[in-house]
Amino acid sequence: MMRKTVLITGASSGIGEATAKYFLDKGWNVAATMRSPQKAGDWTKAKNIICPYLDVTNPDTIESALDETLAAFGQIDVLVNNAGYALMGPLEGVTPEQLEHQFQTNFFGLVSTIQKSLPILRRQGGGTIINVASIGGRLAFPLVSSYHATKWAVEGLSESLRYELRRFGIRVKIIEPGGIKTNFINHGIVWASHPVYTDMVSQVKNFNEKINDSLAAPEGVAKTIYRAACDRSARLRYSPYGEAFLLLHAILPDKLWRSLVENVMLRTTK
Ligand SMILES: NC(=O)c1ccc[n+]([C@@H]2O[C@H](COP(=O)([O-])OP(=O)(O)OC[C@H]3O[C@@H](n4cnc5c(N)ncnc54)[C@H](OP(=O)(O)O)[C@@H]3O)[C@@H](O)[C@H]2O)c1
C-alpha cells in the first residue's frame, strides 16, 4: 500500500513536533514544515521526513513547501494547520501591529495554506484538512481577547468550509485542545500592556505559572490529530483535554460560569 503523506505547519515544537513524530511512527511520509529548519532536532533525520521552510505569514514559503512536499512524496493526503501563538493582555493596550500579526499568523496564514493546498487536494480526489483551533475558539478567558478572536474565526471558517469541500471528498476537522504543556505558555505568549490593568495581568500570569506543571503533554493531542486524520466519518470537532471545560461552559448558567472563571483566574496570587 502506498504511504500516506501529511504536511504540518509549526512542527518545530509542541503539538506540531509531537504530531510529526506520531505520524512518522505510524509509517506516514511527513513534511514537518517550520520557520527554522536549520534548528530541527535529530528526530528529523529519519527516513520519510522532510522539513521545508514555511512561515505562514509569507505566502511564497507556503507555495515552495507544498512544491517540495509534492516533489518528495508525490501527494498530500492530510494538511495540519497548527502554527500559532497567543497575543494576550488588555485589548486597550493592544497595538494595531500586534493584532494584525496575531491574525496574520493564526488566521490568514491558515487561510493561505488552505487556499494553496486545495487545488492539490481536489486534483487528487480528496484529502483531509485539520485546523488546530482551541477550546479558546468556543469559550473565552480574561485578557485573551485577541487570541480568542483568531480561534473563533478558525472555528467559523472550518465549520462553513466543510459544506463546500464535501463534494470533492475533502474532509475538514477542528482540533480544540485544552491547556497543553508546550512552549506556548512559557515562551509563545506575546503580552500587550496597559498601566490600568497591571494587577489583572499579574493575576493571569500567576495563574498561568501555577497551572503550567499540571498541563497535559502534547503527545495526547498528536494522537487525537492522527485519529481525526484517519476518521472517515463526518465528525467535525475533537477536543483533547478540553471536553470538561466545554461541557461545564455548556451546562452552567452564564453567571455561574463567569464567576467560576473570575474566582479561579483573577484571584491567583503568588
Ligand atoms: N499549548 C496549548 O495550551 C494550546 C491550547 C490550545 C490550542 N493550542 C494551539 O496549538 C498550536 C500549537 O501550539 P503549541 O502549544 O504546540 O505551541 P508551541 O510549542 O509554541 O508551537 C507553536 C508552533 O507554531 C510555530 N509558528 C509560530 N508562528 C509561525 C509562523 N508565522 N509560521 C510558521 N510557524 C509558526 C512555532 O514556530 P517557531 O518555533 O519558529 O516559533 C512553533 O513551531 C497553536 O495553534 C496554538 O494556538 C495550544
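The legends below describe close-up views of a predicted model, taking the ligand site, a pocket, an aromatic pair and a cavity in turn.

View 1. The shell around the ligand consists of 26 residues, among which Ser 12, Arg 35, Asn 82, Tyr 147 and Thr 182 come nearest. Sorted by class, this shell comprises 13 polar, 10 nonpolar and 3 charged residues. Helix 1 (14-25), helix 4 (145-165) and helix 5 (183-186) each contribute at least two residues to the shell around the ligand.

View 2. The backbone takes part through Ile 180, where an N or O atom is 2.8 Å from an oxygen atom of the ligand. The ligand taken alone exposes 900 Å², of which the protein buries 90%.

**View 3. The second largest pocket and its lining.** This pocket, with a volume of about 280 Å³, is lined by 18 residues, and those nearest its centre are Lys 4, Trp 28, Asp 77, Arg 171 and Arg 232. Strand 6 (127-132) and helix 7 (218-230) are the elements that give two or more residues to the lining of the second largest pocket, and helix 7 gives the most, with 3 residues. By class, the lining of the second largest pocket divides into 7 nonpolar, 6 polar and 5 charged residues.

**View 4. The aromatic pair of Phe 23 and Tyr 226.** Across the whole structure, a search finds 9 aromatic pairs, and one of them is the edge-to-face pair of Phe 23 and Tyr 226, with 5.1 Å from centre to centre and 70° between the planes. Because Phe 23 lies in helix 1 and Tyr 226 in helix 7, the pair ties together parts that are 203 residues apart in sequence.

**View 5. The largest cavity and the residues that line it.** When the whole structure is searched, 1 cavity of 30 Å³ or more is found, and the largest cavity holds about 60 Å³ of space. Its lining is made up of Thr 9, Val 56, Asn 81, Asn 82, Ala 83, Thr 105, Asn 106, Gly 109, Leu 110, Thr 113, Val 132 and Lys 151. Helix 3 (residues 96-124) provides the largest share of the lining of the largest cavity, namely 5 residues, and by class this lining contains 4 nonpolar, 7 polar and 1 charged. Asn 82 belongs to the lining of the largest cavity and is also among the residues that come nearest the ligand.

Notes. Residues numbered from 1 in each chain as written. Predicted model: local features only at pLDDT ≥ 70, side-chain atom pairs only at ≥ 80, totals over all residues. Heavy atoms only, no water. Near = heavy atom within 4 Å. Polar contact = N/O pair within 3.5 Å; in protein donor to acceptor, adjacent residues only side chain to side chain. Areas by Shrake-Rupley, 256 points an atom, 1.4 Å probe, with all protein chains shown as cover. Helix = DSSP H or I, 4+ residues; strand = E, 2+ residues; numbered from the N terminus. Nonpolar A, V, L, I, M, F, W, Y, C, P; charged D, E, K, R; others polar. 1 Å grid on protein atoms, 1.4 Å probe; cavity = no way out; pocket = protein on both sides within 12 Å on 5 of 7 lines; lining within 4 Å. Points joined across faces, edges and corners; volume = space filled by probe spheres on them. Phe/Tyr/Trp six-rings, centres within 6.5 Å; stacked < 30°, edge-to-face > 60°.
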